Amino acid sequence: MATSEDDDRKLTAYLDGELEEAKRVALEARLAADPSLRARLEAMHAAADRTRAAFAALLKTAPVADMRSRLESALAAAPARAATPRRRVVAIAVAVAIVAFAAGLGAGRWSVGAGGERAERDDWRQAVVEYMALYTPESFGEAPSPRLGEELASLSRRLGAPLDVDRLKVDDLSPRRAELLQYDGAPLGQIGYLDGATPVAFCILRDGEPDEALATSSRDGFAFASWAQGGRGFMLIGKIPVERLMAFARSLKEKTG
Amino acid sequence: MSDGLREDVRGGLEAHLARLWRYALSLSGARDVAEDLVQATCLRAIERADQFQPGTRLDRWLFAILRSIWLNESRARRVRAGQGVLDAGEALSVDGAHEIETNISAAQVLRAIGALPSAQRETVLLVYVEGYSYREAAELLGAPIGTVMSRLAAARATLTRTHETKDA
């Protein structure tokens, strides 16, 4: 049924009891004279009720007991002023979860000028460092993902780089899982490893950055190696000795270049 | 700070946990994030209990805190998942072993709501489910009343169309 958006707005406000008096009187006069407008009103009427019913059903699935006990144990741990350290932990947990959920609007990529590119390039690496801090050995699974082959094939397509289990096996490190994230709209691939019990991540961002030689650095207790070639930025990161990380990075650079 | 106020806020939280979670789920689309958001909201509310004005609605104050935490964390983090994660339509689904007939229909509606643009989804929840007036919703959202109306109209139009298509 064709009605204008303006009519939909008026009908909605009317149904919601939010249409101001003069407009309400005018709309009621039109409704009395126009069967198709009345039909539209009736069709739109049920949407709010259905929404309420659906959200009421959702409410019943809320994990109230879990949330209550979590809150109680947080409060019991430090009754008076636990807020500061705990808030930080929760904030980080939220931030990490956001990594796993596409939300909100994307800012334009490369919106800063050429002078900002260097900073942008470091931004994604800094973001990786921040969320790496939250990984535990369990984050990369007890066993390699059974879908690892598919995950890597999908990453290869999105990143335009050849990635498979053989290429990603270096020395005694084997990939355990692979996933696609994004940074400012550019595909960001992450391949997870465990060196013993220590999470190590190999990240690839397809962002067109100019080639850069392999370099290592450390930040926040992490060793990381970064380089760029073929329009892709690479980064290997983990809390392992920097020499060991560098050796892995060299092999990976050679095999995935 | 007044310890009495802190106790009031703390004691009042429990009654609102489920609705806070539902709001958090509508915003984030992920159940584990929703739980984290609720926890963060409760802790911050206790921390800032002296800012609560007695005689006003605690639930509305908590909603505002939850929204502000969500926005700040969203802005702080520009890394977002590309694929392989739940979309909001799935995340909002009613699940569990006891999927009775009414819930199947609820699940269909939730899927349609989950597919709405997030601003529409949030506005629909606030006005149609939580009972915010247009003015109250506009205040919380920091948007003009006309924007609230447009979001609701667009959401109603989409949900109406979805329903008609399903019945056809």
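Trainee: At roughly what angle do the axes of helix α3 of chain A and helix α7 of chain B cross?
Mentor: Roughly 95°, and the axes come within 10 Å. That makes α3(A) roughly perpendicular to α7(B), a label for angles of 65 to 115 degrees. Bear in mind this is a predicted model: local features need pLDDT of at least 70, side-chain atom pairs count only at pLDDT 80 or more, and totals for chains, interfaces and linings use all residues. Residues are numbered from 1 along each chain as its sequence is written, with chains lettered from A and ligands numbered from 1 in the order in which they are written.
Trainee: Which residues in α3(A) meet α7(B)?
Mentor: Ala48(A), Thr51(A), Arg52(A) and Phe55(A); across from them are Val124(B), Leu125(B), Tyr128(B) and Val129(B). Contact here is C-beta atoms, placed from the backbone, within 7 Å. The residues divide into 6 nonpolar, 1 polar and 1 charged.
Trainee: New topic: what does Trp21(B) touch?
Mentor: Leaving out residues up to four places away in sequence, Ala62(A), Met67(A), Ala34(B), Glu35(B) and Val38(B).
Trainee: And Asp171(A), where does that lie?
Mentor: In the loop between α8 (165–168) and β1 (175–183) of chain A. Asp171(A) has a positive phi of about 50°, though it is not a glycine.
Trainee: Buried or exposed?
Mentor: Asp171(A) is exposed, with 10 other C-beta atoms within 10 Å; the cut-off for exposed is 12 or fewer, for buried 20 or more, and in between is partly exposed.

Technical notes
Contact = placed C-beta atoms within 7 Å. Axes fitted to C-alpha atoms, helices over the stretch in contact; angles between N-to-C directions. Helix = DSSP H or I, 4+ residues; strand = E, 2+ residues; numbered from the N terminus. Parallel < 35°, antiparallel > 145°, perpendicular 65-115°, else oblique. Nonpolar A, V, L, I, M, F, W, Y, C, P; charged D, E, K, R; others polar.
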